[in-house]
Amino acid sequence: MGKHVVVIGGGVAGLEVAGQLSKIGFEVSLIEKDSRTGGHLNKWYRLFPDRRRSSEVKEYLNGITANNGINLMTDTSIEKFNRHKDHFIIITSGGRELIADAVIVATGFDLFKSARKEEYGYGIYDNVITSADLEEMFRRGEISLTNNTIPEKIGIIHCVGSRDEKVGNFYCSKLCCVTAVKQAIEIREFLPESKVFCFYMDMRMGGALYEELYREAQEKWGVSFIRGKVSEASETIDNKLLIKVEDTLAGRPLKMKLDLLVLMAGMEMSEGGKKIAGIGGLRTGENRFFAATDNHYGSNKSNIAGVFYAGTCTAPMNITETISHARAAVVEVIDYLKDNN
Amino acid sequence: MILEGKKAVWNDYQKEIADDKYYYVRSCVRQNFFPGSETAFLKIMREELNKDVYEHPCHTSCTGIVYHSDLVPVETTMTVVARQFALMTEAGYENLMPSCITSFGLYTEILDTWHHFPEVEEKVRLQLKKATGREFKKPKNLAHASDVIFKFRKEIGAKAKYKLINKETGEPLKVVDHIGCHYAKMFPSKGVGGAEYPYVLTGMIEEWGGQIIDYPERRHCCGFGFRQYLVQANRGFSVACSKEKFESMKPFKPDMIITNCPGCPMFLDRWQYVINEMEGKRYGQNGEGIPVFTYEEVAGMVLGYDPWELGLQMHQTDCEPVLNKIGIDYSPEDKYNLDISPSYSKKHNLINV
Amino acid sequence: MGKLYDLLLEDVRFEEGLNACMNCGVCTAICPAAEFYIYDPRKIVDDVQTKDDEKITELLKSETIWYCGECMSCKTRCPRGNAPGLIIMALRSLSQDLGFFTESEKGRQQLALKRTVGHWMITYGYCLYLEGVGTSMHPEQGPVWDWIQDNWKEVFKKMGANYQGDGPGILRRIPEEAMDEIREIFKVTGGMRRFENIEEFSKKKAKELNMQLDDGIENEYFQHIYKTNNGSHTR
């Protein structure tokens, strides 16, 4: 075939796309802004729903991208991106010019910057952390407070930066609920003496084996689920966090003192993705993610022929969905390049 | 507590505050309970900062308390507010500076409603014309009087005779800031520092030598709640709110409270008295109460104004503990002396400059 | 179904205050009134969004719409951009327009408010006019208030006020021409009609309760609504 495809983004979607395309004989360049590939997988310790180590998925992705002659460019971003007749001219931050027959955008997501929910005090109150910070603690093998003591009462707030007009995100990030359930279980595993409370609006357990995990969290691990959005957190003199929430099922406002508060940060269009959208003239939706041409049968297609999307740059997705979406993008590329021969 | 985090939030909420030629509208509550504060404010503005502040003799209440007691339709309040704008327009001013937080909130809300519903603004213009024959321009700048003091906090600090420092220990006074609910809760971007970590009073306190303390119920309402205080049968709500705040701030041992809303200092002051009468419970060090101040009073204190000219004797909770800690030169025996020195009456010339 | 909802929609605050509620409870969690009263602003919004006339009628006659202190803390936080406080203001307005407010103990208090702050506003141009309002109505004002009341003019003079004077200044007398304008605004915009409504329905209620109600505040009905708390409002 000999056709050249440039893949932008070396996370789960980008690696899967690059691996599959190179396997079937395309020439592939993979551009990653960080010094290593793997994206958010590098930060996560274990994955829902089965709590396997994230490193196992990384091993798989490394496996399919190794030894297929992929031209990997790390620490590289895109400066210019133009269509010229039936091919694309891409200028990298290193000044390299790449000529591509097709482009796959796999720029992924950024975690919502939790400091923007000012009332939760992330970055202000000592023991308010995000789901990503908690994974970091899991990887280090210790969950501790800033004064190095062990937390006993831990609260998990769902929907931080999701379903929230106040931060401009109307959509559901869809994976924070199951992340909360997974992390609640893991906290209980790490700290058998602890009490964990999840504050949710709706438990969106739509993925395979999610509901089972939720049930396990209740039955086996004694995690408490309280239906209500936390209104605010504040810091007490003994460095605990006082939260205000309504237990909406009981119809009663309640205040609770916690040692540690974990914010389930939602998913947003990545900064890298926004930049590509700007320089490449790619259409984005009201939720700021890339807008595919059709929600049902064109979710990989962009408004520019020859440019395709893979993964969470179009919407929140779990890893299973991301990999499926990436493979679907491969099919679109094959189809496109066949027609353009 | 990580101060850098708060500073980042403060940076996100920069507010435009006019630097001269203000049209001042008074506060019903402040005039009745803290008249010395409005007098001190005008003195600071005109004499210390040399600013042009105009007050129209024919302006009235914005109806705020009546409006929030649900006694009038929103159109009535909007039209009274439109009349205030008309008087300002006729006087040739564009920078509206209310003394009251309820007014400030109302003006902000009304301008926002008109922005989203231009047909409402049109209707109000017609109604004002019909009722009074007046026409108006909307203010170019709307800043609460505490925003303006915030803007000039450094200039005031430079002229200060005292600092908010405990003379004995050399430590900064620990100050609780209480922001009126209607300052920024409705429109966070209209408040200095936003709604969650307002900076308007914190900035003054830091500049004048004190230390702000954060405490869990910092954002809680003082308990005015309009009808919840104005009707005797409801006052349990009001005192319960203030008590919740006192209990929450107690472990932090505050030396004083500073407020920017005219009502809050009255409630935080009087309910301490009531809680003591009802339960024998006294707050503050040695049970002497936690003095509560308006920001004008605090500015006046650091500038060295006489406490009894500022009206601190109109507080039910004694202010002397703070005066003594700072080492302010005052005469305790003159607290209830109502004689006015000749220099004093001259100072408080009521004519617009 | 929906007639009362349509009436609510005529209030611009209702339109501003209600998008769609997902019952997250963030408003109730932060509500000072929900902490004190048996009260759930979330529930009010949820009831209103059913558009059900029966439910809305029940609200308009209820105690529950009168617990809010209008601090607007709810508006800061609502993830759907609703403002329960504004919705409640629209409900209170409609309750008064339809005369339903006299059906609840807390609603009946509107007359007390009208005859104090409402009266002061259209008579003097101030929402508060406190000369002579003593610690009998306001015992919480404490001994300092007795001293202030006893020395009203001197205290206000010392504070640099222009009490009852001409020209600008603290508690100045607002000229009669200005007050005529305010009263005319009240007439043109429905403020006066609201006042008359409150009077009319309260008189009806007083009669029903067999209580005396004359002008002013020194009468059985006023004192009753101003002071009665049947104790069923709080947790």
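In β17(A), the residue standing opposite Ile243(A) is Met256(A). Before I go on, this is a predicted model, in which local features need pLDDT of at least 70 and side-chain atom pairs count only at pLDDT 80 or more, while totals for chains, interfaces and linings use all residues. Residues are numbered from 1 along each chain as its sequence is written, and chains are lettered from A and ligands numbered from 1 in the order in which they are written.

The strand that carries Ile243(A) is β16(A), residues 241–247. A strand here is a DSSP run of E with at least two residues, a helix is a run of H or I with at least four, and both are numbered from the N terminus. Strands pair if DSSP finds at least two bridges between them. β16(A) and β17(A) pair in the antiparallel sense over seven bridges. Another pair along them sets Asp247(A) opposite Arg252(A) in β17(A). The hairpin these two strands form has four residues between them, and Gly251(A) in the turn has a positive phi of about 65 degrees.

β15(A) and β16(A) run antiparallel and are joined by four bridges. Their hairpin has five residues between the strands, and there Asn239(A) takes a positive phi near 65 degrees.

Put together, the three strands make an open sheet in the order β15-β16-β17 of chain A, with antiparallel pairing. Its edge strands, each pairing on one side only, are β15 (232–235) and β17 (252–258) of chain A. From one strand to the next, the twist averages 25 degrees. As a reminder, in a regular strand the side chains alternate between the two faces of the sheet.

Is β16(A) mostly covered or mostly open? β16(A) is mostly covered, with five of its seven residues buried. Buried means that 20 or more other C-beta atoms, placed from the backbone, lie within 10 Å of the residue's own; 12 or fewer is exposed, and in between is partly exposed.

**Elsewhere in chain A**

Strand β13 (residues 195–200) of chain A is largely enclosed by the rest of the structure, because five of its six residues are buried. Its partner β12 (residues 153–160) of chain A runs parallel to β13(A), with five bridges between them. One bridge there pairs Ile157(A) with Phe199(A) in β13(A).

On domains, the bounds come from an automatic or database domain assignment. For chain A this gives domain 1 (4–108 + 270–339) and domain 2 (114–266). Taken over C-alpha atoms, the centres of these two domains of chain A are separated by 31 Å. In the contact, 11 residues of domain 1 of chain A meet 19 residues of domain 2 of chain A. Two residues are in contact if their C-beta atoms, placed from the backbone, lie within 7 Å.

**A helix pair in chain B**

Helix α5 (residues 74–91) and helix α7 (residues 118–132) of chain B pack at an angle of about 70 degrees, their axes 9 Å apart. That makes α5(B) roughly perpendicular to α7(B). The axes are lines fitted to C-alpha atoms, for helices over the stretch in contact, and angles run from 0 to 180 degrees between N-to-C directions. Roughly perpendicular covers 65 to 115 degrees; under 35 is roughly parallel, over 145 roughly antiparallel, and the rest oblique.

On the α5(B) side the contact includes Met78(B), Ala82(B) and Arg83(B), and on the α7(B) side Val124(B), Gln127(B) and Leu128(B) are among the residues met. The residues of this contact divide into six nonpolar, three polar and three charged. Nonpolar means Ala, Val, Leu, Ile, Met, Phe, Trp, Tyr, Cys or Pro, charged means Asp, Glu, Lys or Arg, and the others, Gly among them, count as polar.

**Chain B against chain C**

Finally, 70 residues of chain C are in contact with 75 residues of chain B. On the chain C side, the largest share, eight residues, comes from helix α13 (residues 176–189) of chain C. By class, that side of chain C has 34 nonpolar, 20 polar and 16 charged residues.
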